[in-house]
Amino acid sequence: MEEIFARHLPLLGEDGLNKLLNSKVLVAGAGGLGCVVLEILARTGVGGLIIVDKGVVDEPDLNRQVLYTIEDLGKPKVEAAKAKLLQIREMEIETINGIIDENFKIPEDITLIIDCLDNFKGKFILSDLAFKHRKPLIHAGINGFYGQITTIIPGYTLSLREIMRNVAENNDTPLPVIAQTSIILGALQANEAIKYITGVGKILKNKILVVDLIYNEFQLIEIAGSGKAV
C-alpha cells in the first residue's frame with residue numbers, strides 16, 4: 001500500500017482501503033463543502049472523483065474554499081480543484097464544468113453522490129436523480145454557524161424533498177457562511193462517505209445531525225416516516 005495511507009490503514013483495514021481505492025464518488029459542488037470533501041477523499045484513498053461545478057474562483061470564496069488561493073482567481077473551480085488534488089496523489093479525476101439539472105446524466109459506475117451544492121433547487125434535483133438511479137446521497141447544508149447532514153439511501157430513507165418539504169427551493173440570495181462551518185460539515189460528509197464505502201462505523205441513515213457552532217451543540221434527530229424498504 002502507498003505510504004500516504006499508512007496512518008489510517010490500521011483504522012480501515014486492507015479490505016476497507018481496497019474498497020476505497022475501487023470506488024468512484026461524484027461530488028456536486030466545489031465550494032466550501034466540496035473543497036473539504038474532495039481533499040479528504042483524495043487523501044484517504046478514494047479511487048476516482050467526478051467534480052461538478054459551473055463557477056469560477058472569486059475573492060469572496062477564499063474565506064472558506066480551502067483548495068483555492070489568490071493564484072486561482074478567475075479559474076474554473078473544477079479545474080483549480082483537480083490541479084490541487086493531483087498535487088496530493090495521482091488518481092482518476094473527471095471534471096464537469098456545468099450545473100446539476102433534470103437532464104444531468106448520473107454515471108452508472110459511481111459508488112455514491114455527495115451533495116455540496118449551495119441552493120435547495122439543485123439539492124432537490126440531485127436527490128431526485130439519486131433516487132432515479134438508486135445511488136446513495138450524502139447531503140449537507142450550511143448557513144452561518146449552523147448546518148445539517150444526513151445520508152439518503154433510495155429504498156430505505158425518505159428523499160431530500162420529503163425530509164425538507166418546508167424549505168423553499170427558489171431562494172437565490174447568497175447565505176452568510178464562515179470557514180469553520182463548511183470545514184466541519186464537509187469533514188462530516190467525507191466521513192459518512194468513507195464509512196459507507198468501507199463499512200466501518202454507523203452512517204446517518206434515517207437520522208439528521210444538526211450542528212450549532214455558536215452554542216457547541218450537536219443534535220441527532222430521528223427522521224419520522226423513514227426506515228422501511230420500498
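Modeller: Happy to. Glu3 is found in the segment before α1 (9–21), where helices (H or I, at least four residues) and strands (E, at least two) are DSSP runs numbered from the N terminus. With a relative accessibility of 68%, Glu3 counts as exposed; the classes are buried under 20% relative accessible area, exposed over 50% and partly exposed in between, with a 1.4 Å probe and protein chains only.

Two notes on the basis. This is a predicted model, in which local features need pLDDT of at least 70 and side-chain atom pairs count only at pLDDT 80 or more, while totals for chains, interfaces and linings use all residues. Residues are numbered from 1 along each chain as its sequence is written, and side-chain values use heavy atoms, with hydrogens and water left out.

The part I would zoom in on is Lys24, in strand β1 (residues 24–28). Lys24 is buried, at 13% relative accessible area. Its side chain makes a polar contact of 3.2 Å with the side chain of Glu92, and another, of 2.8 Å, with that of Asp109. A polar contact here is a pair of N or O atoms within 3.5 Å; within protein, one must be able to donate a hydrogen and the other to accept it, and residues adjacent in sequence count only if both atoms are side-chain atoms. Leaving aside residues up to four places away in sequence, Lys24 touches Gly48, Ile50, Glu92, Asp109, Ile110, Thr111 and Leu112, with contact meaning heavy atoms within 4.5 Å.

Five of the five residues of β1 are buried. Lys24, Leu26 and Ala28 point one way from the strand, and Val25 and Val27 the other way. β1 runs parallel to β2, joined by five bridges, and Lys24 stands opposite Gly48 there. The chain crosses from β1 through α2 to β2 in a right-handed β-α-β crossover: with the strands pointing away from the viewer, the path from the first strand over the helix to the second runs clockwise. β1 also pairs with β4, in the parallel sense over four bridges, and Ala28 stands opposite Asp115 in β4. Two strands pair if DSSP finds at least two bridges between them.

The connecting helix α2 (residues 32–44) has 13 residues and spans 19 Å from first C-alpha to last, close to the expected 18 Å, which is 1.5 Å times one less than the number of residues. Of those 13 residues, 10 are buried, so α2 is largely enclosed by the rest of the structure; among them are Leu33, Val36, Val37 and Leu41. Just after α2, Gly45 takes a positive phi of about 125°.

Stepping back, eight strands form an open, mixed sheet in the order β3-β2-β1-β4-β5-β6-β7-β8. β3 (92–96) and β8 (217–222) stand at the edges with a single partner strand each, so one side of each has no neighbour in the sheet. Helix α3 (residues 77–86) lies across β2 (48–52) and β3, at about 170° to β3; axes are lines fitted to C-alpha atoms, for helices over the stretch in contact, and angles run from 0 to 180 degrees between N-to-C directions. Helix α6 (residues 179–198) packs on the sheet too, and β1 is one of the strands touched by α6.
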